[in-house]
Amino acid sequence: MASATTVISQTEEQAKLSLHTTNVYNKKSPVGKTTEAVFDWDTFKFAPIRESQVSRAMTSRYFKDLNKYAESDIVIVGAGSAGLTCAYVLAKSRPDLKIAIIESNVAVGGGCFLGGQLFSAMVLRKPADRFIKEIGLDYEDEGDFIVIKHAALFITTICSKVLSLPNVKLFNATAVEDLITRKSATGSTRVAGVVTNWTLVSMHHDDQSCMDPNTINAKVVISCTGHDGPMGAFCVKRLATQGLLERHRMGCLNMNLAEDAIVKNTREVFPGLVCAGMELAECDSSNRMGPTFGAMIQSGVHAAEVALNIYEE
Ligand code: 48N
């Protein structure tokens, strides 16, 4: 087995140096005297603006996005490792498509802000290393698997890349609380978008009067809402309650079986609805794999291809 080799993208010295080349610190000469005062802290002041300018800057952009993405080409439900990987592959390969990501938490990442049992390191079995190379992340190569030093490093890297793409909008703190369905000419039903609400509203439908939702129309919905939990496996569970989809529960832990099955079985589980990541386990009763994330990445990649084929039909 190859010894653990640590690959770092820049030398420690370069890392230290870069801190002092930015123009935000009062640079100190070796003798401690400030050679170039970037800020005079005694007279420091921000440019004066009104609170209403802050409010208008936020709300004008948010509601412009809501308006723009009310008709999306593809909606991805869940911004965990599968959902964000899928969004990256889709948005990069099809910059012409409008892609909305709906995430019920304020923060993205799902189960991937940490490795397993609150440990930090993230383990991925090869060939998931190819995607990690694609997004330029450093990792330790352990032979048949790789280790990223902190799972949050993966999620924040992929999230920043996805959010910097012009054809993607993340609606976080927003829950999908139902699906839009349509009857086709032949009478068959297909998913045609999602029903959304602020997550905090979704959580209080039982103790508040009717708080109606919003909607987003889309030709394809990709559900990556994870395995069962308070909000998890949402789309599979929702279709199952309508008798439109057989629902099976996730199997016990068997890493080798689970990871291959999740990637292979990533598919359109219902007309207009693609399932990826651990939500599939709630559909096929595939096993769980425990704290290894390669299948989430590969399932996200596979889901992007499946969704594009459906979109082009
Ligand atoms: O991380 P998850 O839960 O889901 P995946 O499939 O991206 O990754 C699964 C992975 O974290 C594991 O479970 C690992 C591999 N463990 C396996 C094992 O054996 O235990 O992300 C799902 C995301 C979360 O951020 C949720 O907040 C979000 O989906 N979500 C929703 N967002 C909007 N509307 C909803 N109804 C909804 N439900 C969940």
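This is a predicted model: local features need pLDDT of at least 70, side-chain atom pairs count only at pLDDT 80 or more; totals for chains, interfaces and linings use all residues.
View 1. Two or more residues are given to the shell around the ligand by each of α3 (81–93), β5 (99–103) and β10 (174–183), helices being DSSP runs of H or I with at least four residues and strands runs of E with at least two, numbered from the N terminus. The most comes from β10, with three residues.

Local features need pLDDT of at least 70 and side-chain atom pairs count only at pLDDT 80 or more, whereas totals for chains, interfaces and linings use all residues. Residues are numbered from 1 along each chain as its sequence is written, and side-chain values use heavy atoms, with hydrogens and water left out.

**View 2. The shell of residues around the ligand.** The ligand is surrounded by 29 residues, the closest being Glu103, Gly111, Met231, Arg288 and Gly290; a residue is near when one of its heavy atoms lies within 4 Å of the molecule. By class, twelve of the shell residues are nonpolar, 15 are polar and two are charged, with Ala, Val, Leu, Ile, Met, Phe, Trp, Tyr, Cys and Pro taken as nonpolar, Asp, Glu, Lys and Arg as charged, and the others, Gly among them, as polar.

View 3. A backbone N or O atom of Gly111 lies 2.8 Å from an oxygen atom of the ligand, and a backbone N or O atom of Met289 is 3.3 Å from a ligand oxygen atom. A polar backbone atom of Ser104 is 3.1 Å from a nitrogen atom of the ligand. Of the 800 Å² of accessible area that the ligand has on its own, the protein covers 91% (Shrake-Rupley method, 1.4 Å probe).

View 4. The side chains of Lys133 and Asp129 meet in a salt bridge at 3.2 Å, N to O (a side-chain nitrogen of Lys or Arg within 4 Å of a carboxyl oxygen of Asp or Glu). Because they are four residues apart in α4 (residues 129–134), Lys133 and Asp129 are separated by about one helical turn. The structure holds 13 salt bridges.

**View 5. Backbone geometry in two loops.** The peptide bond from Lys126 to Pro127 is cis, with omega near 15 degrees, and Pro127 is placed in the loop between β6 (122–125) and α4. Gln117, although not a glycine, has a positive phi of about 45 degrees and lies in the loop between β5 and β6.

Key. A polar contact is a pair of N or O atoms within 3.5 Å; within protein, one must be able to donate a hydrogen and the other to accept it, and residues adjacent in sequence count only if both atoms are side-chain atoms.
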